[in-house]
Amino acid sequence: MTLPDKPVTLSIAQIAGLNQKLADLRHDVNNNLSLISAAAELIRRNPESAGRLSHALVEQPQKISETIAQFSRDLDAALGIARP
């Protein structure tokens, strides 16, 4: 990781953009966690549905990871951080 050599100044628009991306990140992660909770509850109530719902449980952690990784890339770009 290569950090900027001098202090980073962000414009109001850049800060607002990052704030919106952070809000989107929170929303997306919350949605993914809600799907996990809902699928787990449905499986608890009806164990026979496990086969149908297991894909929802398996896919969500990867989606959360991808969402966080994208936010991290956006933040790095805004702050001028280079990663190999």
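The model is predicted, so local features need pLDDT of at least 70 and side-chain atom pairs count only at pLDDT 80 or more, while totals for chains, interfaces and linings use all residues. Residues are numbered from 1 along each chain as its sequence is written, and side-chain values use heavy atoms, with hydrogens and water left out.

Start with the two helices. Helix α1 covers residues 12–45. Helix α2 covers residues 50–79. Helices here are DSSP runs of H or I with at least four residues, numbered from the N terminus. The two pack at an angle of about 165 degrees, and their axes are 9 Å apart. Axes are lines fitted to C-alpha atoms, for helices over the stretch in contact, and angles run from 0 to 180 degrees between N-to-C directions. The angle therefore makes α1 roughly antiparallel to α2. Angles over 145 degrees count as roughly antiparallel, those under 35 as roughly parallel, 65 to 115 as roughly perpendicular, and the rest as oblique. The crossing of α1 and α2 is left-handed. That term applies if the near helix is turned anticlockwise from the far one by less than a right angle.

What kinds of residue make up the contact of α1 with α2? They divide into 21 nonpolar, three polar and four charged. Ala, Val, Leu, Ile, Met, Phe, Trp, Tyr, Cys and Pro count as nonpolar; Asp, Glu, Lys and Arg count as charged; the others, Gly among them, count as polar.

Gln-60 lies in α2, and Asn-32 lies in α1. Gln-60 is buried, with a relative accessible area of 2%. Asn-32 is buried too, at 9%. Buried means under 20% relative accessible area, exposed means over 50%, and partly exposed lies in between (1.4 Å probe, protein chains only). Not counting residues up to four places away in sequence, Gln-60 touches Asn-32, Leu-35 and Ile-36. Contact means heavy atoms within 4.5 Å.

Move along α2 to Asp-74. Leaving aside neighbours within four places in sequence, Asp-74 is in contact with Leu-18 and Lys-21. Asp-74 and Lys-21 are 53 residues apart in sequence, yet 8.4 Å apart in space, C-alpha to C-alpha. The side chain of Asp-74 also makes a polar contact with the side chain of Gln-70, at 2.9 Å. A polar contact is a pair of N or O atoms within 3.5 Å; within protein, one must be able to donate a hydrogen and the other to accept it, and residues adjacent in sequence count only if both atoms are side-chain atoms.

Ser-72 is also in α2. It is partly exposed, at 29% relative accessibility. Its C-alpha atom is 9.9 Å from that of Leu-22, 50 residues away along the chain.

Is Arg-52 buried or exposed? Arg-52 is exposed, with a relative accessible area of 58%. This residue sits in α2. Arg-52 and Ala-39 are 13 residues apart in sequence and 9.5 Å apart in space, C-alpha to C-alpha.

End in α1 with Ser-34. Ser-34 counts as partly exposed, at 37% relative accessibility. Ser-34 and Ser-49 are 15 residues apart in sequence and 17 Å apart in space, C-alpha to C-alpha.
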